[in-house]
Amino acid sequence: MSTPVPAAQRRTAAVLIASTRAAAGVYEDECGPLIADWLYALDYDLVLAEVVPDGDEISASLRRILALAPSVLLTSGGTGLSPDDVTPDLTEPLLERQLPGVMEAIRAKGLASTSMAAISRGYAGTAGGTFIVNLPGSPSAVADGLAVLEPIIGHICGQLEGKREH
């Protein structure tokens, strides 16, 4: 685990959950709390967490979150093949630089548990100083993704902050 960062220097994060059923209250989202707890454990301050339906509302939420300029934006859900699974499609135009190796590693980790990981269409990349990752919508897939991100997220954020640590 990383060393705690003084409050004045703490990194910020946001979480966006794309789930029509969770947004409607049909079921309780499990991925958002899982991601938030993980971020808190890494000493990130959560500036916003939203649950929105799959579809066009994702775009407005992404833009609202990016206006806050968090260090990290993690999304969950909407990465499959259903007609309203559009999280990657709405994220990709916002990315200035893609990090395909991050998604390759997340899918590889998931493939160790389920062949369904192969159909996740998520992106990872940067928008300004924000590191963005589209995680799938199941708690187990989110856990796999977080396991991949844990050893690299601090280094990625450091590079986006202009630190040259190697």
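1. In the hairpin of β5 and β6, two residues lie between the strands, and Gly128 there takes a positive phi near 60 degrees. Helices (H or I, at least four residues) and strands (E, at least two) are DSSP runs, numbered from the N terminus. The model is predicted, and for that reason local features need pLDDT of at least 70 and side-chain atom pairs count only at pLDDT 80 or more, while totals for chains, interfaces and linings use all residues. Residues are numbered from 1 along each chain as its sequence is written, and side-chain values use heavy atoms, with hydrogens and water left out.

2. The strands β5 and β6 pair in the antiparallel sense over four bridges, where two strands pair if DSSP finds at least two bridges between them. Within this pairing, Ala124 stands opposite Val133 in β6. On the other hand, β3 and β6 pair in the parallel sense over five bridges, and Val133 in β6 is the bridge partner of Leu74.

3. How many of the six residues of strand β6 are buried? Six of the six are buried, so β6 (residues 130-135) is largely enclosed by the rest of the structure; buried means under 20% relative accessible area, exposed over 50%, and partly exposed in between (1.4 Å probe, protein chains only). In a regular strand the side chains alternate between the two faces of the sheet. From β6, Thr130, Ile132 and Asn134 point one way, whereas Phe131, Val133 and Leu135 point the other way.

4. Helix α3 (residues 57-67) has the buried residues Ile58, Ser61, Leu62 and Ile65. Seen down the axis of α3, these buried residues fall within an arc of 100 degrees, so they line one face of the helix; the arc is that of the directions from the helix axis to the C-beta atoms. The face turned away from the buried side of α3 carries the exposed residues Arg63 and Ala67, and just after α3, Ala69 takes a positive phi of about 55 degrees.

5. The buried residues of α3 pack against β1 (12-18), β2 (45-52), β3 (72-76) and α4 (87-91), where contact means heavy atoms within 4.5 Å. Not counting residues up to four places away in sequence, Ile65 touches Ala14, Val15, Leu16, Leu48, Pro70 and Leu73.

6. Turning to the loop between α5 (100-111) and β5 (124-127), one finds Ile119 there, and Ile119 counts as partly exposed because its relative accessibility is 42%.
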